[in-house]
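Reader: I would like to learn how to read a protein model feature by feature. May we go through one together?

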Amino acid sequence: MYRTLQALRLARLLPAAKNPNKSWGHVRARTSSASFHLLEDCLELNYEGKPMIFNYVWLRDHCRSESSYNSSTSQRVGDTGSIELSIRPESSAVEDDHLILTWQGGHVSKYRLSWLAENSYEEKKQATVHPRILWNSDIYKNANITSANWEKFMSCDSELKKFLHDYLQYGIAFVDGVPATVEATEAVTQRVSLIRETTYGRMWSFTSDFSRGDTAYSQLALDRHTDTSYFQEPSGIQVFHCLKHEGTGGRTLLVDGFYAAEKLRQRSPESFDLLCRVPISHEYVENTESHRNHIRGVGPILSVYPWNNELFLIRYNNYDRAVINTVPHDTVKRWYEAHRELTSELRRPENELWVKLDPGKVIFIDNWRVLHGRESFSGLRQLCGCYLTRDDVLSTARCFSLLP
Ligand SMILES: [Fe+2]
């Protein structure tokens, strides 16, 4: 039964308990843009042509009244543990683009219809959490992304915003004109986020002196990889600044891991799913005179959000991948096949972006998305950098309304 809306766009329903046939499924109310339908344990809403379903406990839990939610701190006040799990509204209405539910005991919850639509599962499963432009070498070069200018970057929010926009889209971004010192590199990174201190320190600066138990501290070429895959939560952002290089070689290799992974998803969805499901360990074992470490992180090569299957993390480091001893042999066989398919995508020459990091050019790399490597080099090469906390970078981006 539909009710017609009046001038106030008001629709009211009889209390459920008074509904003679006790059938929640046949009670409907409608505005020009919304209709709703009360079912046994959930409410069906059709708003602006989009159907969505809200569980009653969810609705009570997300009540935005003062006693349930503190809008000045954006924090829940109500006690979810006290909500009756069989809760149902006693009466319901749509008024002035709001859904109004009255619960047993008289508490009234009021929800903006557009807020419900924005926060529905049906909306979220269609929406992209982090819009990106996936790239191979040509796509990135043709986009003609300009680097931020150091002085403007340090003083002007619009320059920082543009930098973050580019960074979010492509997973890499550059600042040019930075003084070739550790101090200036630290200052430029702190403009973006907090520095994540690790076993390598806050800011690290190294040459090819093998001072740490890691291949990075050599002159050897490094294949594409993500860093700190052995952390349970890998570092969010990698910053590099080449302070000095008197020699040849040493170009930096960049590969968009999500571009390669999406190619794999298109060509071989079962392999993609397997790499999302099988947990793999990475570890860092260091035993030098001055440093002892044994760090281990466990997770799949690819991670996707479970509600929309959007990629958010790739762990790919063949140097640091630990012994696989938690996967049955038949799955291991399939895993190696899937890993080989992903590796082939990552190694396609057209996916490789090579850049020369000269003094003054600071690169920020999304370590959850873009793999890096380098060619071998000769001569003295001094590099500095650090890791940034991902949450704080994304927080800065949200403050600029660059992310939802
Ligand atoms: Fe690395």
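Author: The dialogue below takes up one feature at a time.

Reader: What kind of model is this, and what does the pLDDT of the protein chain average?

Author: This is a predicted model. The pLDDT of the protein chain averages 90, and 90% of the residues score at least 70. Over residues 1-27, however, pLDDT stays under 50, and the model has 46 contacts beyond four places in sequence for that stretch.

Reader: How many helices and strands does the protein chain have?

Author: There are 11 helices and 25 strands in the protein chain. Of its 404 residues, 30% are buried.

Reader: How should I read the burial pattern of a helix? Which residues of helix H7 are buried?

Author: The general idea comes first. An α-helix has 3.6 residues a turn, so residues three or four places apart point the same way. In helix H7, which covers residues 182-190, the buried residues are Ala-184, Thr-185, Val-188 and Thr-189. Viewed down the axis of H7, these buried residues fall within an arc of 135°, so they line one face of the helix.

Reader: What do the buried residues of H7 pack against?

Author: Their partners are helix H5 (150-155) and the strands S12 (172-176), S13 (195-196), S16 (237-246), S23 (362-366) and S25 (380-388).

Reader: Which residues of H8 are buried, and what do they pack against?

Author: In H8, the buried residues are Gly-257, Phe-258, Tyr-259, Ala-260, Ala-261, Lys-263 and Leu-264. They pack against the helices H9 and H10, and also against strands S17 (252-256), S20 (302-304), S21 (311-314) and S24 (370-374).

Reader: How is the packing of two helices described, and at what angle do H8 and H9 pack?

Author: Two packed helices are described by the angle between their axes and the distance between the axes. Helix H8 (residues 257-267) and helix H9 (residues 269-277) pack at an angle of about 125°, and their axes are 5 Å apart. That angle makes H8 oblique to H9. On the H8 side the contact is made by Ala-261, Leu-264 and Arg-265, and on the H9 side by Pro-269, Ser-271 and Phe-272. Sorted by class, the contact of H8 with H9 has 4 nonpolar, 1 polar and 1 charged residues.

Reader: How do the axes of H9 and H10 cross?

Author: The axes of H9 and H10 cross at roughly 110° and come within 9 Å. The two helices H9 and H10 are therefore roughly perpendicular to each other. From H9, Ser-271, Leu-274 and Leu-275 take part; they meet Arg-334, Trp-335, Glu-337, Ala-338, His-339, Glu-341 and Leu-342 in H10. The residues of this contact of H9 with H10 divide into 5 nonpolar, 2 polar and 3 charged.

Reader: Where is Glu-341 found, and which residues does it touch?

Author: Glu-341 lies in helix H10, which covers residues 329-346. Leaving aside residues up to four places away in sequence, Glu-341 touches Leu-264, Ser-268 and Ser-271. Glu-341 and Ser-271 are 70 residues apart in sequence, while their C-alpha atoms are 7.9 Å apart in space. Glu-341 counts as partly exposed because it has 19 C-beta neighbours inside 10 Å, and a buried residue needs 20 or more.

Reader: Which residues does Ser-281 touch?

Author: Ser-281 is found in strand S18 (residues 280-287). Not counting residues up to four places away in sequence, Ser-281 touches Arg-296, Val-298 and Ala-322. The C-alpha atoms of Ser-281 and Gly-299 are separated by 6.5 Å, and these residues are 18 apart along the chain. With 17 C-beta neighbours inside 10 Å, Ser-281 is partly exposed.

Reader: What should I know about phi, and what is the phi of Asp-97 and of Asn-144?

Author: Most residues other than glycine have a negative phi, and most peptide bonds are trans. Asp-97 is not a glycine, yet its phi is positive, about 65°. Asn-144 is likewise not a glycine and has a positive phi of about 50°.

Definitions and conventions. Residues numbered from 1 in each chain as written. Predicted model: local features only at pLDDT ≥ 70, side-chain atom pairs only at ≥ 80, totals over all residues. Helix = DSSP H or I, 4+ residues; strand = E, 2+ residues; numbered from the N terminus. Buried ≥ 20, exposed ≤ 12 C-beta atoms within 10 Å, placed from the backbone. Axes fitted to C-alpha atoms, helices over the stretch in contact; angles between N-to-C directions. Parallel < 35°, antiparallel > 145°, perpendicular 65-115°, else oblique. Contact = placed C-beta atoms within 7 Å. Nonpolar A, V, L, I, M, F, W, Y, C, P; charged D, E, K, R; others polar. pLDDT = per-residue confidence, 0-100. Arc of directions from axis to C-beta.
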